[in-house]
Amino acid sequence: MTSPPEESGPAAAGPETELPSMAPQLRALRRSSGLTLEAAAARAGLSPAHLSRLETGRRTPSLPMLLALARIYGTTVSDLLGEVPAERDPIVRADRMEAQEAGGWTYWQAGASGRAMQALRLHVPPGRGGQEELVRVHPGEEWLYVTDGRLRLTLGESSHLLGPGDAAHFDSLTPHRIAAVSAGGADLLFIHTLMQSGAAGLCLGDAAANRRGMP
């Protein structure tokens, strides 16, 4: 499999101080999973050098990368960020949902850590050329519900336009990607399962997408 090109721009070149606990947490979780740098990079569709830069704070991962690494290590994005909740409360209050940005997307943790699935609120900005071009393939299931704006969901060779009130539930082994098509972007609720897997190509670049016949 051809690894995707390394990221460039603000999402990749942000200063180390933006997410101070990210780098050591990434390294610790990989080691506790019993994975070498090379093995973890292969499962995430990254080069070992790129993953090493993430683990040393020289690169900041995009949201798809965070989701991919969370699945590989069997954890959540909040754990990757080093966020430790004071208690395992089944209720997530609105004032505790702090906005985080990764690769231009904004997300809010809408579920607790340590669960078998992760719930997020997402804002996907309009435009192409960034995360919208990534094709994702990984074990598990995903569910999303559009609350505002219009979204294009590509599943395999099919493309679907979703508006407010529309939902999708699909097997995430189906190559998929999402992009906002409305001027103000799109807001959605997003749930995905967490599981460790040996599957590679969690985030595939444009070249891989073209080989799969993705639009």
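In this predicted model, Q118 is buried, because its relative accessible area of 2% falls under the 20% that sets the limit for a buried residue. Q118 is placed in strand β3, which covers residues 117-124, and its side chain makes a polar contact of 3.1 Å with the side chain of Q109. Q109, for its part, is placed in strand β2, which covers residues 105-109, and the polar contact therefore links a residue of that strand with a residue that counts as buried at 2% relative accessible area. Q109 is itself buried, with a relative accessible area of 12%.

H192 is found in strand β10, which is made up of residues 186-193. With a relative accessible area of 1%, H192 is buried. When residues up to four places away in sequence are not counted, H192 touches L67, R71, M117, Q118, E141 and E142. With one of these residues, R71, the contact includes a polar one, in which the side chains of H192 and R71 come to 3.4 Å.

R71 belongs to helix α5, where it is listed among the buried residues. Helix α5 spans residues 63-73 and is mostly covered, with 11 of its 11 residues buried. The buried residues of α5 include L67, which is also one of the residues touched by H192. Just after α5, G74 takes a positive phi of about 65°.

The packing of α5 against helix α4 can be described next. Two packed helices are described by the angle between their axes and the distance between the axes. Helix α4, residues 48-55, packs with α5 at an angle of about 95°, and the two axes are 14 Å apart. The two helices α4 and α5 are therefore roughly perpendicular to each other, as angles from 65 to 115 degrees are classed in this way. The contact is made by H50, L51, L54 and E55 on the side of α4, and by M65, L69 and Y73 on the side of α5. By type, the residues of this contact divide into five nonpolar, one polar and one charged.

Helix α4 also packs with helix α2, which covers residues 22-32; the angle is about 125° and the axes are 7 Å apart. The helices α2 and α4 are therefore oblique to each other. In this contact, A23, P24, L26, R27 and R30 of α2 meet L51, L54 and E55 of α4, and the residues involved divide into five nonpolar, no polar and three charged.

L54, which is placed in helix α4, takes part both in the contact with α5 and in the contact with α2. At 1% relative accessibility, L54 counts as buried. Leaving aside its neighbours within four places in sequence, L54 is in contact with A23, L26, L46, R59, T60, P61, M65 and L69. A23 is 31 residues away from L54 along the chain, and the C-alpha atoms of the two residues are separated by 6.1 Å. P61, another residue in contact with L54, has its place in the loop between α4 and α5. P61 is buried as well, with a relative accessible area of 2%. The C-alpha atoms of P61 and H50, which are 11 residues apart along the chain, are separated by 9.7 Å.

Taken as a whole, the chain has seven helices and 11 strands, and buried residues make up 47% of its 215 residues. Among the contacts with a separation of 6 or more, 71% are between residues 24 or more positions apart. The mean pLDDT of the chain is 75, and 73% of its residues reach 70 or more. Over residues 1-20, however, the pLDDT is below 50, although this stretch has 36 contacts in the model beyond near neighbours in sequence. Over residues 196-215 the pLDDT is likewise below 50, and this stretch has 60 contacts beyond near neighbours in sequence. Where pLDDT is low, the predicted coordinates should not be read in detail.

Note on methods. Residues numbered from 1 in each chain as written. Predicted model: local features only at pLDDT ≥ 70, side-chain atom pairs only at ≥ 80, totals over all residues. Heavy atoms only, no water. Helix = DSSP H or I, 4+ residues; strand = E, 2+ residues; numbered from the N terminus. Buried < 20%, exposed > 50% of the residue type's maximum accessible area, 1.4 Å probe, protein only. Polar contact = N/O pair within 3.5 Å; in protein donor to acceptor, adjacent residues only side chain to side chain. Contact = heavy atoms within 4.5 Å. pLDDT = per-residue confidence, 0-100. Axes fitted to C-alpha atoms, helices over the stretch in contact; angles between N-to-C directions. Parallel < 35°, antiparallel > 145°, perpendicular 65-115°, else oblique. Nonpolar A, V, L, I, M, F, W, Y, C, P; charged D, E, K, R; others polar.
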